[in-house]
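Here is a friendly note to read with the model open beside you. Take the points one at a time, and find each residue in the viewer as you go.

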Amino acid sequence: MTACTVSRADIDKAIAFHGHTCPGLVIGIRAAELALQRLGRLAPPDMLAITETDMCGVDAIQVLTGCTYGKGNLIHRDLGKMAFSFFDRRDGHGLRVVLKRTSREPAHEDYVRATDRLAEGTATAADRALVAEYRASEQERLLALDLDDMFDVIPVVDGMPRPARILKSLVCEQCGESVMESRTRRFSGRTLCIPCFDAVEQKV
Ligand SMILES: [Zn+2]
Ligand SMILES: [Zn+2]
C-alpha cells in the first residue's frame, strides 16, 4: 500500500488554486502523481495532458503538472469520463489514466438526499454537516488508496494529438469581430462566428 506521495505543500497549492478541497480534486492530485511517476517531471512544454472531464480534478492537474489551457498543453475533450491522458511530447509516448469505478465508495442514500437538498437550496445545517463529513472522509480515503487500486493505466504509444496550429483569423460578417477560421460557420454565403450563426439560424 502506498498512500499519496505528493508533498503537503503541493497539495495545499492545488487546494488554494481550486478554492476548496473535495474528492474530485484528490482524484486529480492522484492522477497527476501517477503521470509524474511514469513520465518523470517534465519541463512544462514537454508535457501534454488531455482531460475527458471538466470537473474539479483538472485544477490539480494544472497545478501539479504545469499543463494549462493558456499554454496550450492541456486539452479538454468533453467526454464526461474520469479519465486523463498524459504525453511526453518529445517522443509522443504516454498513458491514459482511467478512474476505476471500484475506487469510489457508493454514496449512502442519506448523503444523496442531502446533496439534492443542497442543490435545491433547501438543505438544513444537518445536511451540510453530513455532506462535509462524507466528502472529508472520502478525500482521506482517496489519499490513502494505492494508485493501482485507484486507476486503470493504459499505455498510449501512438495517440498523441498533433499540436494545435495557429490558424488564420477571419472577420465575422455579422458582428465584425475576428474569429479563428476553424470556428467560423457559413450561412447564405456569409462567414459568421458561432454565436452569430446560431442567432441567424434560429430565425429561419
Ligand atoms: Zn471541487
Ligand atoms: Zn459574429
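Predicted model: local features only at pLDDT ≥ 70, side-chain atom pairs only at ≥ 80, totals over all residues.

1. **Domains.** Let us begin with the overall layout. The domain assignment divides the chain into domain 1, residues 8-156, and domain 2, residues 169-200. Taken over C-alpha atoms, the centres of domain 1 and domain 2 are separated by 36 Å.

2. **The zinc ion (ligand 1).** Which residues coordinate the zinc ion (ligand 1)? They are His-18 and His-20, each through NE2, together with Cys-22 and Cys-56, each through SG, at 2.1 to 2.3 Å. Along the sequence, these donor residues follow the spacing H-x1-H-x1-C-x33-C. Cys-22 and Cys-56 link distant parts of the chain, 34 residues apart. Cys-22 sits in the loop between α1 (8-18) and α2 (23-39), while Cys-56 sits in the loop between β1 (47-51) and α3 (57-65).

3. Why is the arrangement around the zinc ion (ligand 1) irregular? The four donor atoms subtend angles of 90 to 145 degrees, and a tetrahedral site would need all angles to lie between 85 and 135 degrees. Cys-22 is buried, at a relative accessible area of 7%, whereas Cys-56 is partly exposed, at 25%.

4. Cys-175 and Cys-196 link distant parts of the chain, 21 residues apart. Look for Cys-175 in the loop between β6 (169-171) and β7 (178-180), and for Cys-196 in helix α7. Buried or exposed, where does Cys-196 fall? Cys-196 is buried, with a relative accessible area of 12%; Cys-175, at 36%, counts as partly exposed.

5. A pair of aromatic rings is described by the distance of the centres and the angle of the planes. How many aromatic pairs does the structure hold? There are two. In one of them, Tyr-111 and Tyr-134 have ring centres 4.0 Å apart and planes at 35 degrees, so the pair is tilted. Because Tyr-111 belongs to helix α4 (residues 109-120) and Tyr-134 to helix α5 (residues 125-144), the pair ties together parts that are 23 residues apart in sequence. Tyr-111 is buried at 13% relative accessible area, and Tyr-134 counts as buried at 17%.

6. **The phenylalanine pair.** The rings of Phe-187 and Phe-197 are edge-to-face because their planes meet at 75 degrees, with centres 6.0 Å apart. This pair also links distant parts of the chain, ten residues apart: Phe-187 is in strand β8 (residues 184-187) and Phe-197 in helix α7 (residues 194-203). Phe-197 is buried, with a relative accessible area of 14%, while Phe-187 is partly exposed, with 24%.

7. **The largest pocket.** The largest pocket holds about 300 Å³ of space. Its lining has 13 residues, and those nearest the centre are Pro-23, Gly-24, Met-55, Arg-104 and Arg-135. Helices α2 and α5 each supply at least two residues of this lining.

8. **Ser-188.** Ser-188 has a phi near 50 degrees, a positive value in a residue other than glycine. Ser-188 lies in the loop between β8 and β9 (190-193), and is exposed, with a relative accessible area of 69%.

9. **Arg-162.** Finally, look at the loop between β5 (151-156) and β6, where Arg-162 is found. Arg-162 is exposed, at a relative accessible area of 74%. Arg-162 and Gly-92 are 70 residues apart along the chain, and their C-alpha atoms are separated by 9.6 Å.

Notes:
Residues numbered from 1 in each chain as written. Chains lettered and ligands numbered in written order. Heavy atoms only, no water. Phe/Tyr/Trp six-rings, centres within 6.5 Å; stacked < 30°, edge-to-face > 60°. Helix = DSSP H or I, 4+ residues; strand = E, 2+ residues; numbered from the N terminus. Buried < 20%, exposed > 50% of the residue type's maximum accessible area, 1.4 Å probe, protein only. Donors = N, O, S within 2.8 Å, 3.2 Å for Na, K, Ca; no water. Tetrahedral: all angles 85-135°; square planar, octahedral: opposite > 155°, others 65-115°. Domains from an automatic or database assignment. 1 Å grid on protein atoms, 1.4 Å probe; cavity = no way out; pocket = protein on both sides within 12 Å on 5 of 7 lines; lining within 4 Å. Points joined across faces, edges and corners; volume = space filled by probe spheres on them.
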